[in-house]
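I am opening a notebook on this structure. The entries below follow the order in which I looked things up.

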Amino acid sequence: MSRALILGAALSSVVVLMALLSFVWTPYDHAALNIPEKLQPPNAQHWFGTDHFGRDMFSMIMVGARTSIAVALVAVGIGMALGAPLGLAAAARKGSWLDELIMRGNDLVFAFPSLVIAILITAVFGPGAVNAIIAIGIFNIPVFARITRGAALSLWEREFILAARVAGKGAARISAEHILPNVANLLIVQGTIQFSLGILAEAGLSYVGLGAQPPTPSWGRMLADAQTMVSFAPHLALIPGLAIIVTVLGLNLLGDGLRDWLDPRIRVARA
Amino acid sequence: MLRYALKRLISLALSLAVASVVIFAVIEVAPGDPASFMLGVNAQPETLAALRAELGLDVSRPQRYLNWVSGMLAGDFGTSYTYRTPVAQMVADRLWVSLPLALYALTLSTLIAFPVGIYAAARRGKPGDLAVMGATQLGIAVPNFWFAMMLVLIFAINLRWFNAGGFAGWDNGLWAGLHSLTLPAIALALPQAAILARVMRSALLDILGEDFMRTARAKGLSRRQALWRHGVRNALIPVLTIIGLQFSFLLAGSIIIEQVFYLPGLGRLVFQAISARDLIVVESVVMLLVFAVITVNFLVDLAYAAVDPRLRSRT
(Lines give C-alpha, C1' and ligand atoms only; values in the text may rest on other atoms or scores of the structure.)
Protein backbone atom coordinates (compact mmCIF):
# COMPACT_ATOMS: atom_id res chain seq x y z
CA MET A 1 0.00 0.00 0.00
CA SER A 2 1.29 3.43 -0.91
CA ARG A 3 1.67 6.40 1.40
CA ALA A 4 -0.95 8.26 -0.66
CA LEU A 5 -3.48 5.51 0.03
CA ILE A 6 -2.78 5.49 3.77
CA LEU A 7 -2.81 9.28 4.12
CA GLY A 8 -5.92 9.57 1.96
CA ALA A 9 -7.75 6.87 3.86
CA ALA A 10 -6.77 8.47 7.17
CA LEU A 11 -7.94 11.97 6.21
CA SER A 12 -11.18 10.69 4.67
CA SER A 13 -11.99 8.53 7.69
CA VAL A 14 -11.40 11.41 10.10
CA VAL A 15 -13.98 13.48 8.21
CA VAL A 16 -16.47 10.63 7.91
CA LEU A 17 -16.06 9.69 11.58
CA MET A 18 -16.60 13.33 12.60
CA ALA A 19 -19.77 13.41 10.55
CA LEU A 20 -21.01 10.15 12.10
CA LEU A 21 -20.03 11.25 15.60
CA SER A 22 -22.06 14.43 15.16
CA PHE A 23 -25.24 12.36 15.17
CA VAL A 24 -24.65 11.37 18.80
CA TRP A 25 -22.25 14.01 20.16
CA THR A 26 -20.99 17.49 19.38
CA PRO A 27 -19.07 19.70 21.85
CA TYR A 28 -21.96 22.18 21.84
CA ASP A 29 -25.38 22.39 20.24
CA HIS A 30 -24.45 23.53 16.72
CA ALA A 31 -27.56 25.73 16.50
CA ALA A 32 -27.45 27.25 20.01
CA LEU A 33 -27.00 31.01 19.91
CA ASN A 34 -24.69 32.47 22.52
CA ILE A 35 -24.26 36.14 21.66
CA PRO A 36 -21.98 37.05 24.64
CA GLU A 37 -19.37 34.61 23.32
CA LYS A 38 -19.61 35.67 19.68
CA LEU A 39 -16.65 35.90 17.27
CA GLN A 40 -14.12 34.24 19.56
CA PRO A 41 -10.97 33.05 17.86
CA PRO A 42 -10.06 29.39 18.45
CA ASN A 43 -9.43 28.73 22.16
CA ALA A 44 -9.60 25.99 24.78
CA GLN A 45 -13.39 26.14 25.17
CA HIS A 46 -14.21 26.56 21.49
CA TRP A 47 -11.54 24.70 19.52
CA PHE A 48 -12.45 26.37 16.24
CA GLY A 49 -13.81 29.57 17.82
CA THR A 50 -17.34 30.91 17.57
CA ASP A 51 -19.26 32.67 14.80
CA HIS A 52 -21.17 35.98 14.84
CA PHE A 53 -24.05 34.36 16.74
CA GLY A 54 -21.71 32.73 19.26
CA ARG A 55 -22.33 29.28 17.78
CA ASP A 56 -19.53 26.79 18.27
CA MET A 57 -17.63 26.44 14.99
CA PHE A 58 -16.31 22.98 15.76
CA SER A 59 -19.85 21.66 16.21
CA MET A 60 -20.98 23.40 13.03
CA ILE A 61 -18.07 21.90 11.07
CA MET A 62 -18.98 18.44 12.36
CA VAL A 63 -22.63 18.76 11.39
CA GLY A 64 -21.67 20.49 8.11
CA ALA A 65 -19.57 17.45 7.21
CA ARG A 66 -22.81 15.48 7.28
CA THR A 67 -24.40 17.75 4.67
CA SER A 68 -21.36 17.70 2.39
CA ILE A 69 -20.95 13.94 2.58
CA ALA A 70 -24.66 13.21 2.16
CA VAL A 71 -25.03 15.46 -0.90
CA ALA A 72 -21.85 14.23 -2.58
CA LEU A 73 -22.48 10.57 -1.76
CA VAL A 74 -26.04 10.51 -3.10
CA ALA A 75 -24.93 12.45 -6.19
CA VAL A 76 -22.22 9.86 -6.87
CA GLY A 77 -24.80 7.14 -6.27
CA ILE A 78 -27.12 8.67 -8.88
CA GLY A 79 -24.28 9.03 -11.37
CA MET A 80 -23.11 5.46 -10.86
CA ALA A 81 -26.56 3.84 -10.73
CA LEU A 82 -27.63 5.46 -14.00
CA GLY A 83 -24.30 5.97 -15.74
CA ALA A 84 -22.83 2.48 -15.34
CA PRO A 85 -25.82 0.62 -16.86
CA LEU A 86 -25.91 3.12 -19.74
CA GLY A 87 -22.22 2.55 -20.36
CA LEU A 88 -22.67 -1.22 -20.21
CA ALA A 89 -25.58 -1.05 -22.66
CA ALA A 90 -23.66 1.20 -25.04
CA ALA A 91 -20.67 -1.17 -25.00
CA ALA A 92 -22.83 -4.27 -25.49
CA ARG A 93 -24.36 -2.74 -28.61
CA LYS A 94 -21.25 -0.98 -29.87
CA GLY A 95 -21.87 1.11 -32.96
CA SER A 96 -25.64 0.66 -32.86
CA TRP A 97 -28.16 3.48 -32.67
CA LEU A 98 -28.41 2.81 -28.91
CA ASP A 99 -24.67 3.36 -28.46
CA GLU A 100 -24.85 6.48 -30.60
CA LEU A 101 -27.84 7.82 -28.66
CA ILE A 102 -26.24 7.21 -25.27
CA MET A 103 -22.94 8.78 -26.26
CA ARG A 104 -24.53 11.83 -27.89
CA GLY A 105 -26.76 12.21 -24.83
CA ASN A 106 -23.61 12.14 -22.75
CA ASP A 107 -22.01 14.86 -24.82
CA LEU A 108 -25.10 16.96 -24.34
CA VAL A 109 -25.09 16.59 -20.55
CA PHE A 110 -21.40 17.55 -20.53
CA ALA A 111 -22.41 20.88 -22.02
CA PHE A 112 -24.32 21.66 -18.82
CA PRO A 113 -21.83 22.22 -15.99
CA SER A 114 -23.41 21.21 -12.65
CA LEU A 115 -23.63 24.86 -11.66
CA VAL A 116 -25.74 25.59 -14.73
CA ILE A 117 -28.03 22.62 -14.00
CA ALA A 118 -28.34 23.87 -10.44
CA ILE A 119 -29.26 27.35 -11.67
CA LEU A 120 -31.96 25.89 -13.91
CA ILE A 121 -33.40 23.61 -11.24
CA THR A 122 -33.30 26.34 -8.60
CA ALA A 123 -34.98 28.82 -10.92
CA VAL A 124 -37.88 26.39 -11.24
CA PHE A 125 -38.15 24.56 -7.93
CA GLY A 126 -36.27 26.85 -5.55
CA PRO A 127 -32.98 26.19 -3.76
CA GLY A 128 -32.29 23.24 -1.47
CA ALA A 129 -29.97 20.35 -0.72
CA VAL A 130 -32.06 17.93 -2.80
CA ASN A 131 -31.74 20.13 -5.88
CA ALA A 132 -28.00 20.36 -5.33
CA ILE A 133 -27.88 16.56 -5.23
CA ILE A 134 -29.84 16.29 -8.48
CA ALA A 135 -27.68 18.88 -10.20
CA ILE A 136 -24.40 17.21 -9.24
CA GLY A 137 -25.89 13.76 -9.82
CA ILE A 138 -27.00 14.55 -13.38
CA PHE A 139 -23.54 15.82 -14.21
CA ASN A 140 -22.05 12.58 -12.83
CA ILE A 141 -24.08 10.32 -15.13
CA PRO A 142 -22.02 10.86 -18.32
CA VAL A 143 -18.78 10.58 -16.34
CA PHE A 144 -19.64 7.06 -15.24
CA ALA A 145 -21.29 6.11 -18.54
CA ARG A 146 -18.16 7.08 -20.45
CA ILE A 147 -15.60 5.24 -18.33
CA THR A 148 -17.83 2.15 -18.07
CA ARG A 149 -18.26 2.04 -21.82
CA GLY A 150 -14.56 2.53 -22.45
CA ALA A 151 -13.54 -0.26 -20.10
CA ALA A 152 -16.36 -2.58 -21.19
CA LEU A 153 -15.47 -2.22 -24.88
CA SER A 154 -12.03 -3.73 -24.38
CA LEU A 155 -13.47 -6.51 -22.21
CA TRP A 156 -15.90 -7.53 -24.96
CA GLU A 157 -12.91 -8.46 -27.12
CA ARG A 158 -11.59 -10.94 -24.57
CA GLU A 159 -11.79 -14.73 -24.80
CA PHE A 160 -13.71 -15.28 -21.60
CA ILE A 161 -16.56 -13.16 -22.94
CA LEU A 162 -16.52 -15.18 -26.14
CA ALA A 163 -16.74 -18.30 -23.98
CA ALA A 164 -19.75 -16.89 -22.19
CA ARG A 165 -21.40 -16.12 -25.52
CA VAL A 166 -20.72 -19.63 -26.76
CA ALA A 167 -22.32 -20.88 -23.54
CA GLY A 168 -25.46 -19.11 -24.73
CA LYS A 169 -25.56 -16.14 -22.41
CA GLY A 170 -27.24 -12.98 -23.73
CA ALA A 171 -25.68 -9.54 -23.82
CA ALA A 172 -27.52 -8.35 -20.71
CA ARG A 173 -26.44 -11.36 -18.67
CA ILE A 174 -22.84 -11.13 -19.84
CA SER A 175 -22.79 -7.42 -18.95
CA ALA A 176 -24.11 -8.10 -15.46
CA GLU A 177 -22.15 -11.28 -14.68
CA HIS A 178 -18.83 -10.78 -16.46
CA ILE A 179 -18.35 -7.17 -17.52
CA LEU A 180 -19.62 -5.38 -14.43
CA PRO A 181 -17.41 -7.26 -11.90
CA ASN A 182 -14.41 -6.46 -14.08
CA VAL A 183 -15.11 -2.73 -14.27
CA ALA A 184 -16.07 -2.48 -10.57
CA ASN A 185 -12.58 -1.39 -9.51
CA LEU A 186 -12.60 1.38 -12.04
CA LEU A 187 -16.02 2.53 -10.85
CA ILE A 188 -14.84 2.60 -7.24
CA VAL A 189 -11.81 4.71 -8.11
CA GLN A 190 -13.84 7.08 -10.26
CA GLY A 191 -16.50 7.17 -7.54
CA THR A 192 -13.91 8.42 -5.05
CA ILE A 193 -12.79 11.16 -7.43
CA GLN A 194 -16.38 12.20 -8.18
CA PHE A 195 -17.10 12.16 -4.46
CA SER A 196 -14.38 14.74 -3.90
CA LEU A 197 -15.60 16.82 -6.85
CA GLY A 198 -19.10 16.56 -5.38
CA ILE A 199 -17.87 17.98 -2.06
CA LEU A 200 -16.36 20.93 -3.93
CA ALA A 201 -19.49 21.43 -6.04
CA GLU A 202 -21.77 21.27 -3.00
CA ALA A 203 -19.66 23.86 -1.23
CA GLY A 204 -19.82 26.15 -4.26
CA LEU A 205 -23.58 25.77 -4.65
CA SER A 206 -24.23 26.40 -0.95
CA TYR A 207 -21.90 29.37 -1.08
CA VAL A 208 -23.99 31.08 -3.76
CA GLY A 209 -27.21 30.07 -1.99
CA LEU A 210 -28.27 27.28 -4.34
CA GLY A 211 -27.54 24.45 -1.91
CA ALA A 212 -28.61 23.50 1.61
CA GLN A 213 -30.76 26.19 3.20
CA PRO A 214 -30.71 27.41 6.80
CA PRO A 215 -30.90 25.99 9.41
CA THR A 216 -29.03 23.02 7.86
CA PRO A 217 -25.35 23.81 8.45
CA SER A 218 -23.10 23.50 5.41
CA TRP A 219 -19.48 24.45 4.84
CA GLY A 220 -20.28 26.50 1.76
CA ARG A 221 -22.86 28.61 3.58
CA MET A 222 -20.55 29.11 6.53
CA LEU A 223 -18.12 30.63 4.03
CA ALA A 224 -20.81 32.84 2.56
CA ASP A 225 -21.70 34.06 6.07
CA ALA A 226 -18.03 34.65 6.83
CA GLN A 227 -17.44 36.82 3.80
CA THR A 228 -18.39 40.17 5.32
CA MET A 229 -16.49 39.39 8.54
CA VAL A 230 -13.28 38.10 7.06
CA SER A 231 -11.36 41.28 7.95
CA PHE A 232 -11.93 41.07 11.71
CA ALA A 233 -12.67 37.34 12.18
CA PRO A 234 -10.56 35.45 9.61
CA HIS A 235 -11.09 32.13 11.41
CA LEU A 236 -14.71 32.13 10.22
CA ALA A 237 -13.48 31.78 6.64
CA LEU A 238 -10.29 29.89 7.32
CA ILE A 239 -11.78 26.92 9.15
CA PRO A 240 -14.61 25.83 6.81
CA GLY A 241 -12.17 26.27 3.90
CA LEU A 242 -9.59 24.04 5.56
CA ALA A 243 -12.31 21.49 6.28
CA ILE A 244 -13.17 21.37 2.58
CA ILE A 245 -9.50 21.13 1.57
CA VAL A 246 -8.75 18.31 4.02
CA THR A 247 -11.78 16.34 2.83
CA VAL A 248 -11.13 16.82 -0.88
CA LEU A 249 -7.40 16.22 -0.53
CA GLY A 250 -8.07 13.05 1.46
CA LEU A 251 -10.52 11.70 -1.10
CA ASN A 252 -8.23 12.52 -4.03
CA LEU A 253 -5.27 10.80 -2.38
CA LEU A 254 -7.53 7.86 -1.54
CA GLY A 255 -8.69 7.67 -5.17
CA ASP A 256 -5.16 7.82 -6.56
CA GLY A 257 -3.94 5.31 -4.00
CA LEU A 258 -6.82 2.93 -4.69
CA ARG A 259 -6.20 3.12 -8.42
CA ASP A 260 -2.58 2.09 -8.02
CA TRP A 261 -3.43 -0.57 -5.47
CA LEU A 262 -6.33 -2.12 -7.41
CA ASP A 263 -4.57 -2.09 -10.77
CA PRO A 264 -1.52 -4.37 -10.54
CA ARG A 265 -0.34 -3.37 -14.01
CA ILE A 266 0.22 0.22 -12.93
CA ARG A 267 1.96 -1.00 -9.80
CA VAL A 268 4.41 -2.99 -11.86
CA ALA A 269 4.94 -0.11 -14.24
CA ARG A 270 5.84 2.21 -11.39
CA ALA A 271 8.15 -0.20 -9.61
CA MET B 1 -10.59 18.41 -43.22
CA LEU B 2 -13.55 20.22 -44.76
CA ARG B 3 -15.72 17.11 -44.52
CA TYR B 4 -14.71 16.62 -40.93
CA ALA B 5 -15.48 20.25 -40.11
CA LEU B 6 -18.88 19.97 -41.78
CA LYS B 7 -19.71 16.83 -39.83
CA ARG B 8 -18.74 18.48 -36.57
CA LEU B 9 -20.75 21.56 -37.50
CA ILE B 10 -23.91 19.50 -38.03
CA SER B 11 -23.42 17.80 -34.69
CA LEU B 12 -22.85 21.23 -33.11
CA ALA B 13 -26.16 22.50 -34.50
CA LEU B 14 -27.96 19.36 -33.30
CA SER B 15 -26.54 19.68 -29.80
CA LEU B 16 -27.59 23.31 -29.63
CA ALA B 17 -31.10 22.46 -30.83
CA VAL B 18 -31.55 19.70 -28.26
CA ALA B 19 -30.06 21.86 -25.49
CA SER B 20 -32.47 24.69 -26.33
CA VAL B 21 -35.46 22.30 -26.17
CA VAL B 22 -34.30 20.99 -22.78
CA ILE B 23 -33.79 24.48 -21.35
CA PHE B 24 -37.11 25.71 -22.71
CA ALA B 25 -38.93 22.66 -21.34
CA VAL B 26 -37.42 23.04 -17.87
CA ILE B 27 -38.33 26.72 -17.68
CA GLU B 28 -41.84 25.95 -18.96
CA VAL B 29 -42.62 23.64 -16.05
CA ALA B 30 -41.85 26.45 -13.60
CA PRO B 31 -45.01 27.25 -11.67
CA GLY B 32 -46.61 30.67 -12.01
CA ASP B 33 -47.41 33.00 -14.85
CA PRO B 34 -44.82 35.76 -15.41
CA ALA B 35 -47.48 38.29 -16.38
CA SER B 36 -49.49 37.89 -13.18
CA PHE B 37 -46.23 37.84 -11.23
CA MET B 38 -45.31 41.23 -12.74
CA LEU B 39 -48.69 42.83 -12.18
CA GLY B 40 -49.48 41.37 -8.79
CA VAL B 41 -52.61 39.57 -7.61
CA ASN B 42 -55.00 42.50 -8.08
CA ALA B 43 -54.42 42.94 -11.82
CA GLN B 44 -57.37 43.50 -14.14
CA PRO B 45 -57.96 40.59 -16.55
CA GLU B 46 -57.68 42.97 -19.53
CA THR B 47 -54.29 44.39 -18.50
CA LEU B 48 -53.13 40.87 -17.77
CA ALA B 49 -54.18 39.70 -21.22
CA ALA B 50 -52.53 42.74 -22.81
CA LEU B 51 -49.27 42.10 -20.99
CA ARG B 52 -49.37 38.43 -21.86
CA ALA B 53 -49.73 39.40 -25.52
CA GLU B 54 -46.90 41.91 -25.20
CA LEU B 55 -44.59 39.28 -23.68
CA GLY B 56 -45.61 36.75 -26.32
CA LEU B 57 -47.13 34.42 -23.74
CA ASP B 58 -50.54 34.14 -25.43
CA VAL B 59 -49.52 31.61 -28.07
CA SER B 60 -49.11 27.86 -27.87
CA ARG B 61 -45.98 26.31 -26.37
CA PRO B 62 -44.39 25.09 -29.62
CA GLN B 63 -45.03 28.51 -31.13
CA ARG B 64 -43.45 30.17 -28.11
CA TYR B 65 -40.40 27.93 -28.44
CA LEU B 66 -40.04 28.82 -32.12
CA ASN B 67 -40.41 32.51 -31.32
CA TRP B 68 -37.76 32.24 -28.61
CA VAL B 69 -35.28 30.42 -30.85
CA SER B 70 -35.83 32.60 -33.92
CA GLY B 71 -35.58 35.66 -31.70
CA MET B 72 -32.23 34.49 -30.32
CA LEU B 73 -30.92 33.79 -33.80
CA ALA B 74 -31.77 37.40 -34.66
CA GLY B 75 -30.10 38.64 -31.46
CA ASP B 76 -33.38 39.29 -29.64
CA PHE B 77 -33.50 37.45 -26.31
CA GLY B 78 -36.86 38.88 -25.24
CA THR B 79 -37.67 41.43 -22.57
CA SER B 80 -36.79 41.07 -18.90
CA TYR B 81 -39.89 40.63 -16.75
CA THR B 82 -38.56 42.77 -13.92
CA TYR B 83 -36.48 45.43 -15.66
CA ARG B 84 -38.58 45.69 -18.82
CA THR B 85 -35.37 46.08 -20.81
CA PRO B 86 -34.10 43.84 -23.62
CA VAL B 87 -32.39 40.77 -22.15
CA ALA B 88 -29.79 40.84 -24.93
CA GLN B 89 -28.57 44.25 -23.76
CA MET B 90 -28.41 43.17 -20.10
CA VAL B 91 -26.52 40.01 -20.97
CA ALA B 92 -24.13 41.85 -23.29
CA ASP B 93 -23.27 44.36 -20.54
CA ARG B 94 -22.54 41.58 -18.05
CA LEU B 95 -20.61 39.55 -20.59
CA TRP B 96 -18.08 42.37 -20.75
CA VAL B 97 -17.12 41.41 -17.22
CA SER B 98 -17.49 37.63 -17.22
CA LEU B 99 -15.88 36.87 -20.55
CA PRO B 100 -12.69 38.93 -20.01
CA LEU B 101 -12.47 37.39 -16.52
CA ALA B 102 -12.68 33.85 -17.90
CA LEU B 103 -10.13 34.62 -20.64
CA TYR B 104 -7.79 36.37 -18.19
CA ALA B 105 -7.98 33.32 -15.91
CA LEU B 106 -7.44 30.93 -18.81
CA THR B 107 -4.34 32.87 -19.88
CA LEU B 108 -2.93 32.89 -16.34
CA SER B 109 -3.68 29.21 -15.86
CA THR B 110 -1.91 28.29 -19.10
CA LEU B 111 1.05 30.56 -18.39
CA ILE B 112 1.52 28.98 -14.97
CA ALA B 113 0.76 25.37 -15.90
CA PHE B 114 3.05 25.02 -18.94
CA PRO B 115 6.39 25.82 -17.32
CA VAL B 116 5.45 24.02 -14.10
CA GLY B 117 4.32 20.89 -15.95
CA ILE B 118 7.40 20.85 -18.18
CA TYR B 119 9.68 21.46 -15.19
CA ALA B 120 8.13 18.52 -13.29
CA ALA B 121 8.28 16.17 -16.28
CA ALA B 122 11.93 17.00 -16.93
CA ARG B 123 12.77 16.18 -13.29
CA ARG B 124 10.62 13.10 -12.94
CA GLY B 125 10.95 11.50 -9.50
CA LYS B 126 13.37 14.17 -8.25
CA PRO B 127 12.55 16.54 -5.36
CA GLY B 128 11.43 19.31 -7.75
CA ASP B 129 8.86 16.97 -9.34
CA LEU B 130 7.62 15.73 -5.98
CA ALA B 131 7.20 19.29 -4.73
CA VAL B 132 5.22 20.22 -7.83
CA MET B 133 3.02 17.13 -7.54
CA GLY B 134 2.34 17.84 -3.87
CA ALA B 135 1.52 21.47 -4.55
CA THR B 136 -0.80 20.61 -7.44
CA GLN B 137 -2.55 17.92 -5.36
CA LEU B 138 -3.24 20.67 -2.82
CA GLY B 139 -4.26 23.14 -5.54
CA ILE B 140 -6.91 20.76 -6.86
CA ALA B 141 -8.44 20.45 -3.39
CA VAL B 142 -8.80 24.20 -2.84
CA PRO B 143 -12.26 25.64 -3.60
CA ASN B 144 -11.64 28.66 -5.80
CA PHE B 145 -14.13 30.91 -4.01
CA TRP B 146 -12.44 30.22 -0.67
CA PHE B 147 -9.06 30.91 -2.23
CA ALA B 148 -10.59 34.16 -3.52
CA MET B 149 -11.62 35.14 0.01
CA MET B 150 -8.08 34.47 1.23
CA LEU B 151 -6.66 36.61 -1.59
CA VAL B 152 -8.99 39.43 -0.55
CA LEU B 153 -7.88 39.04 3.06
CA ILE B 154 -4.18 39.18 2.17
CA PHE B 155 -3.90 41.44 -0.86
CA ALA B 156 -6.88 43.74 -0.45
CA ILE B 157 -7.49 44.07 3.28
CA ASN B 158 -3.96 43.67 4.68
CA LEU B 159 -1.64 44.81 1.88
CA ARG B 160 -4.15 47.10 0.13
CA TRP B 161 -2.73 46.33 -3.30
CA PHE B 162 -6.16 45.76 -4.77
CA ASN B 163 -9.75 46.72 -4.01
CA ALA B 164 -11.66 44.08 -2.08
CA GLY B 165 -14.39 44.06 -4.68
CA GLY B 166 -16.24 45.92 -7.38
CA PHE B 167 -15.35 46.56 -10.98
CA ALA B 168 -13.69 49.72 -12.24
CA GLY B 169 -15.24 49.40 -15.69
CA TRP B 170 -13.54 49.47 -19.05
CA ASP B 171 -14.30 53.17 -19.55
CA ASN B 172 -11.49 54.10 -17.17
CA GLY B 173 -8.94 52.39 -19.35
CA LEU B 174 -7.83 48.85 -19.92
CA TRP B 175 -5.46 48.89 -16.95
CA ALA B 176 -8.14 49.88 -14.41
CA GLY B 177 -10.42 47.10 -15.67
CA LEU B 178 -7.70 44.47 -15.66
CA HIS B 179 -6.52 45.57 -12.23
CA SER B 180 -9.93 44.97 -10.70
CA LEU B 181 -10.15 41.56 -12.41
CA THR B 182 -6.68 40.44 -11.30
CA LEU B 183 -7.53 38.88 -7.92
CA PRO B 184 -10.66 37.14 -9.29
CA ALA B 185 -8.64 35.83 -12.23
CA ILE B 186 -5.87 34.48 -9.97
CA ALA B 187 -8.47 32.81 -7.75
CA LEU B 188 -10.03 31.13 -10.78
CA ALA B 189 -6.74 30.29 -12.45
CA LEU B 190 -4.62 28.67 -9.74
CA PRO B 191 -6.77 25.58 -9.03
CA GLN B 192 -7.20 25.10 -12.79
CA ALA B 193 -3.48 25.57 -13.33
CA ALA B 194 -2.86 22.75 -10.84
CA ILE B 195 -4.95 20.40 -12.98
CA LEU B 196 -3.41 21.61 -16.23
CA ALA B 197 0.15 21.26 -14.91
CA ARG B 198 -0.55 17.63 -13.98
CA VAL B 199 -1.97 16.96 -17.44
CA MET B 200 1.03 18.64 -19.07
CA ARG B 201 3.42 16.58 -16.95
CA SER B 202 1.79 13.23 -17.61
CA ALA B 203 1.36 13.97 -21.33
CA LEU B 204 5.06 14.79 -21.54
CA LEU B 205 6.05 11.68 -19.58
CA ASP B 206 4.04 9.54 -22.00
CA ILE B 207 5.86 11.09 -24.93
CA LEU B 208 9.31 10.86 -23.35
CA GLY B 209 8.93 7.07 -23.56
CA GLU B 210 8.25 7.14 -27.31
CA ASP B 211 10.72 5.80 -29.84
CA PHE B 212 11.01 9.08 -31.70
CA MET B 213 12.32 10.72 -28.54
CA ARG B 214 15.14 8.20 -28.43
CA THR B 215 15.77 8.86 -32.10
CA ALA B 216 15.93 12.57 -31.39
CA ARG B 217 18.54 11.98 -28.69
CA ALA B 218 20.42 9.57 -30.98
CA LYS B 219 20.72 12.12 -33.73
CA GLY B 220 22.51 14.39 -31.25
CA LEU B 221 19.88 16.60 -29.64
CA SER B 222 20.41 17.32 -25.98
CA ARG B 223 17.72 16.25 -23.50
CA ARG B 224 16.49 19.81 -23.32
CA GLN B 225 16.37 20.26 -27.11
CA ALA B 226 14.55 16.97 -27.59
CA LEU B 227 12.08 17.86 -24.86
CA TRP B 228 11.25 21.22 -26.39
CA ARG B 229 11.37 20.35 -30.06
CA HIS B 230 9.56 17.01 -30.01
CA GLY B 231 8.11 16.51 -26.54
CA VAL B 232 6.22 19.70 -25.78
CA ARG B 233 4.73 19.94 -29.23
CA ASN B 234 3.29 16.43 -29.09
CA ALA B 235 2.03 16.90 -25.56
CA LEU B 236 -0.10 19.81 -26.73
CA ILE B 237 -2.93 17.60 -27.98
CA PRO B 238 -4.17 16.28 -24.63
CA VAL B 239 -3.36 19.62 -23.05
CA LEU B 240 -5.50 21.43 -25.60
CA THR B 241 -8.48 19.22 -24.74
CA ILE B 242 -8.19 20.10 -21.09
CA ILE B 243 -7.84 23.81 -21.90
CA GLY B 244 -11.08 23.59 -23.88
CA LEU B 245 -12.86 21.86 -21.01
CA GLN B 246 -11.44 24.39 -18.59
CA PHE B 247 -12.90 27.31 -20.46
CA SER B 248 -16.41 26.13 -19.63
CA PHE B 249 -15.44 25.54 -16.02
CA LEU B 250 -13.92 29.00 -15.87
CA LEU B 251 -16.99 30.65 -17.35
CA ALA B 252 -19.28 28.78 -14.94
CA GLY B 253 -16.75 29.29 -12.14
CA SER B 254 -16.66 33.02 -12.79
CA ILE B 255 -20.34 33.06 -11.78
CA ILE B 256 -19.32 31.99 -8.27
CA ILE B 257 -16.16 34.08 -8.09
CA GLU B 258 -18.15 37.19 -9.06
CA GLN B 259 -20.08 36.76 -5.82
CA VAL B 260 -16.86 37.01 -3.80
CA PHE B 261 -15.75 40.22 -5.48
CA TYR B 262 -19.17 41.79 -6.05
CA LEU B 263 -18.48 41.94 -9.78
CA PRO B 264 -21.40 42.94 -12.02
CA GLY B 265 -21.11 39.90 -14.29
CA LEU B 266 -23.38 37.15 -15.53
CA GLY B 267 -23.40 35.56 -12.07
CA ARG B 268 -24.91 38.57 -10.37
CA LEU B 269 -27.44 38.89 -13.18
CA VAL B 270 -28.55 35.29 -12.98
CA PHE B 271 -28.86 35.20 -9.17
CA GLN B 272 -30.87 38.42 -9.15
CA ALA B 273 -33.05 36.97 -11.88
CA ILE B 274 -33.61 33.76 -9.91
CA SER B 275 -34.73 35.60 -6.79
CA ALA B 276 -36.96 37.92 -8.85
CA ARG B 277 -38.33 34.92 -10.78
CA ASP B 278 -37.25 36.69 -13.97
CA LEU B 279 -37.18 33.38 -15.80
CA ILE B 280 -36.57 34.71 -19.28
CA VAL B 281 -33.25 36.13 -18.08
CA VAL B 282 -32.32 32.82 -16.45
CA GLU B 283 -33.28 31.00 -19.64
CA SER B 284 -31.16 33.26 -21.83
CA VAL B 285 -28.10 33.20 -19.58
CA VAL B 286 -28.21 29.41 -19.29
CA MET B 287 -28.61 29.06 -23.05
CA LEU B 288 -25.67 31.39 -23.57
CA LEU B 289 -23.45 29.42 -21.18
CA VAL B 290 -24.37 26.13 -22.84
CA PHE B 291 -23.78 27.70 -26.24
CA ALA B 292 -20.33 28.82 -25.12
CA VAL B 293 -19.41 25.37 -23.81
CA ILE B 294 -20.60 23.54 -26.93
CA THR B 295 -18.93 26.03 -29.28
CA VAL B 296 -15.61 25.99 -27.46
CA ASN B 297 -15.54 22.19 -27.53
CA PHE B 298 -16.31 22.33 -31.25
CA LEU B 299 -13.43 24.74 -31.81
CA VAL B 300 -11.09 22.53 -29.79
CA ASP B 301 -12.09 19.53 -31.91
CA LEU B 302 -11.35 21.50 -35.06
CA ALA B 303 -8.08 22.80 -33.62
CA TYR B 304 -6.70 19.38 -33.02
CA ALA B 305 -7.95 17.97 -36.22
CA ALA B 306 -5.86 20.72 -37.78
CA VAL B 307 -2.87 19.86 -35.59
CA ASP B 308 -3.15 16.10 -35.95
CA PRO B 309 -4.60 14.67 -39.19
CA ARG B 310 -4.96 11.21 -37.56
CA LEU B 311 -7.84 12.49 -35.46
CA ARG B 312 -9.98 13.45 -38.45
CA SER B 313 -10.96 9.89 -39.23
CA ARG B 314 -12.13 9.25 -35.68
CA THR B 315 -15.72 9.94 -34.49
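**Entry 1: annotated stretches**

I began with residues 101-122 of chain B, which are 100% helix and 0% strand, with the end C-alpha atoms 32 Å apart. Helices here are DSSP runs of H or I with at least four residues, strands are E runs of at least two, and both are numbered from the N terminus. I noted that this is a predicted model, where local features need pLDDT of at least 70, side-chain atom pairs count only at pLDDT 80 or more, and totals for chains, interfaces and linings use all residues. Residues are numbered from 1 along each chain as its sequence is written, while chains are lettered from A and ligands numbered from 1 in the order in which they are written.

I picked that stretch from the UniProt record, an unreviewed entry, which places "transmembrane region" at residues 101-122, 143-162, 174-197, 235-257 and 285-307 of chain B. UniProt positions are given in the numbering used here, feature names are shortened, and annotations may be inferred rather than shown by experiment. I also checked residues 174-197 of chain B: 100% helix, 0% strand, and end C-alpha atoms 29 Å apart.

For chain A, the unreviewed UniProt entry gives "domain: ABC transmembrane type-1" at residues 65-255. I found that stretch of chain A to be 82% helix and 0% strand, with its end C-alpha atoms 19 Å apart.

**Entry 2: chain B as a whole**

I counted 12 helices and 0 strands in chain B. Its C-alpha atoms fill a box of roughly 85 × 55 × 35 Å along the principal axes. Of its 315 residues, 35% count as buried. Buried means 20 or more other C-beta atoms within 10 Å of the residue's own, exposed means 12 or fewer, and partly exposed lies in between, with C-beta atoms placed from the backbone.

**Entry 3: a helix pair**

How do the axes of helix 10 and helix 12 of chain B cross? Helix 10 (residues 223-261) and helix 12 (residues 279-307) come within 10 Å and cross at roughly 170°. Axes are lines fitted to C-alpha atoms, for helices over the stretch in contact, and angles run from 0 to 180 degrees between N-to-C directions. The two helices are therefore roughly antiparallel, a label for angles over 145 degrees. The residues of this contact divide into 14 nonpolar, 4 polar and no charged. Nonpolar covers Ala, Val, Leu, Ile, Met, Phe, Trp, Tyr, Cys and Pro; charged covers Asp, Glu, Lys and Arg; the others, Gly among them, are polar.

**Entry 4: where the chains meet**

I found 37 residues of chain B in contact with 29 residues of chain A. Contact means C-beta atoms, placed from the backbone, within 7 Å. The chain B side has 33 nonpolar, 4 polar and no charged residues.

Next I looked at the largest nonpolar core, which has 158 residues. Such a core is a set of buried Ala, Val, Leu, Ile, Met, Phe, Trp, Tyr and Cys residues joined through C-beta atoms within 7 Å. Among the members touching the most others are A:Val116, A:Ile119 and B:Val290. Beyond its neighbours within four places in sequence, B:Val290 contacts A:Ala111, A:Phe112, A:Val116 and B:Ala19.

**Entry 5: one residue**

Last, I looked up A:Val74, in helix 2 of chain A. A:Val74 is partly exposed because 18 other C-beta atoms lie within 10 Å. Leaving aside neighbours within four places in sequence, A:Val74 contacts A:Ile133 and A:Gly137.

Notes. Contact = placed C-beta atoms within 7 Å. Parallel < 35°, antiparallel > 145°, perpendicular 65-115°, else oblique.
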